[in-house]
Amino acid sequence: MNYQIQRGTYDAYGDDAMNMKKIEETLSAIALTYGYVPIHIPTYEQTELFTRSVGESSDIVNKEMFSFVDKGGRNISLRPEMTAGVMRAIVTNKLYAQDLPLKFFYCGNVFRYERPQAGRYREFTQFGVECVGVSSYYLDAEAIMLGYNSLLMLGFPKVILKINTIGDSLSRENYKAALKEYFKPYKNTMCEDCQRRYDTNVLRILDCKSEEDQKIIANAPKIENYLTDSAKEYFQKIIKILDECQIEYEIDPNLVRGLDYYSQVVFEYHFVSDQGVNLGALGGGGHYDNLLHDVGGPSLSSVGLAFGLERINTLLKEIDPDCYEKTTVDIFVVHMGNETIEHAFYLASSLRNEGFTVDLTYENKNIGAQLKLATRKKASFALIVGENEIKEHTYGVKNLLTQEQVNVAYEDLVDYFDEHLMEEHHEG
Ligand code: AMP
């Protein structure tokens, strides 16, 4: 039987797997500096959690969920995003009773039954943050800056930050009424999705990618004329902070984002490579007021954002194929077979306990083959273990870059590698 990989999924190995891990580590380290702490949530939840929160008018719930009935007859869905699950976890564990805001970051796989294409998978990885419980334009600005600075720190030379406000609920009510009025005569000529959006959430029409519909959308009323004074002021305060911090942005009046729960500020990060590769948004997020309440908790305001790690990885490689350090080995232990293997095994194990990256082979290969293997594995040093070396407690240590070899006594090995690997890293 020849098993095929499922459409829209991928295997990551070698540099790609390593890079994805590095990206997650870098993003986690940055989130920690902003006071966010990790949260881990389940991969699947009750379907209703997503229909209630992400919203039935959104494509990801309406068309793209992986849903099934489990053996106990429950309606279950694989998470199409993580925010709803984080809200559910906050309610289940009454975390809202702690000091607010709660600041969580997460990284995990999410599932959307989309048409696969460049930068679009059916199972992909999101890294995101949620700041829950305090409404403050400072926290919104902080989240926007966290995302922006993270991308710069990952190695993007420039980030296009698109930002918009969709106002408070009164602004949106008035704006939606104006949009309905405007789109009414065009409704039947627009794409099927827009016809549905007209009834479920007219705002989402602004997000339509169809060229024909875009011509109609171009002349639609703009949100800025429907904002309440307080929504206008709220947005201006965020913009002022971005200006002060010299964060570049573009105000995009048609940016509404695909999920139903946003209010006030919404934003997206984009990047186009010199070769013109554009995979769509690298990440995006926004402020939301009612989500926690919608999933059974108190009414608390929040702001969150999520990145797609696959898109980040693909574009970073496009910018600089050597952007990440490769998997390397500090020490490759070379033995002479037979009883020297056992000694090599314990020596490798004690050096690993000292924090070195150590590898070796347990096959009977001659020294030349083992040294070649060490070089292919990009090892810095070969540590040679023969019968004499075992008797004399002194080993041959070969620098695989310069090919110089010295003898080092067992008790000096750790100091020797500490000192020389440090030099290597500095030079490298
Ligand atoms: P969203 O939850 O739709 O705002 O998506 C947040 C980020 O996840 C996007 O900016 C993308 O980087 C990434 N993303 C969304 N959908 C996909 C997909 N089907 N495949 C890969 N990445 C995706």
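Q: In this predicted model, which hand does the crossing of α5 and α9 have, right or left?

A: The crossing of α5 with α9 is right-handed. Two packed helices are described by the angle between their axes together with the distance between those axes. In this predicted model, the axes of α5 (residues 137-154) and α9 (residues 229-244) come within 9 Å and cross at roughly 45°, which means that α5 is oblique to α9.

Q: Which residues of α5 meet which residues of α9?

A: From α5, Tyr 137, Tyr 138, Asp 140, Ala 141, Ile 144 and Met 145 take part, and they meet Tyr 234, Lys 237, Ile 238, Ile 241 and Leu 242 of α9.

Q: How many residues surround the ligand, and which are the closest?

A: The ligand is surrounded by 14 residues, of which Arg 112, Glu 114, Tyr 121, Arg 257 and Leu 282 are the closest. A polar side-chain atom of Arg 112 lies 2.8 Å from a ligand oxygen atom, while an N or O atom in the side chain of Glu 114 is 2.6 Å from a ligand nitrogen atom. Leu 282, by contrast, uses its backbone, with a polar atom 3.0 Å from an oxygen atom of the ligand.

Q: Where in the backbone is there a cis peptide bond, and which residue other than glycine has a positive phi?

A: The cis peptide bond joins Leu 100 and Pro 101, with omega about 0°, and Pro 101 sits in the loop between α4 (83-92) and β5 (102-111). Gln 246 has a positive phi, near 55°, and is placed in the loop between α9 and β8 (250-251).

Conventions:
Residues are numbered from 1 along each chain as its sequence is written. This is a predicted model: local features need pLDDT of at least 70, side-chain atom pairs count only at pLDDT 80 or more; totals for chains, interfaces and linings use all residues. Side-chain values use heavy atoms; hydrogens and water are left out. Axes are lines fitted to C-alpha atoms, for helices over the stretch in contact, and angles run from 0 to 180 degrees between N-to-C directions. Helices (H or I, at least four residues) and strands (E, at least two) are DSSP runs, numbered from the N terminus. Angles under 35 degrees count as roughly parallel, over 145 as roughly antiparallel, 65 to 115 as roughly perpendicular and the rest as oblique. A crossing is left-handed if the near helix is turned anticlockwise from the far one by less than a right angle, and right-handed if clockwise. Contact means heavy atoms within 4.5 Å. A residue is near a molecule or strand if one of its heavy atoms lies within 4 Å of it. A polar contact is a pair of N or O atoms within 3.5 Å; within protein, one must be able to donate a hydrogen and the other to accept it, and residues adjacent in sequence count only if both atoms are side-chain atoms.
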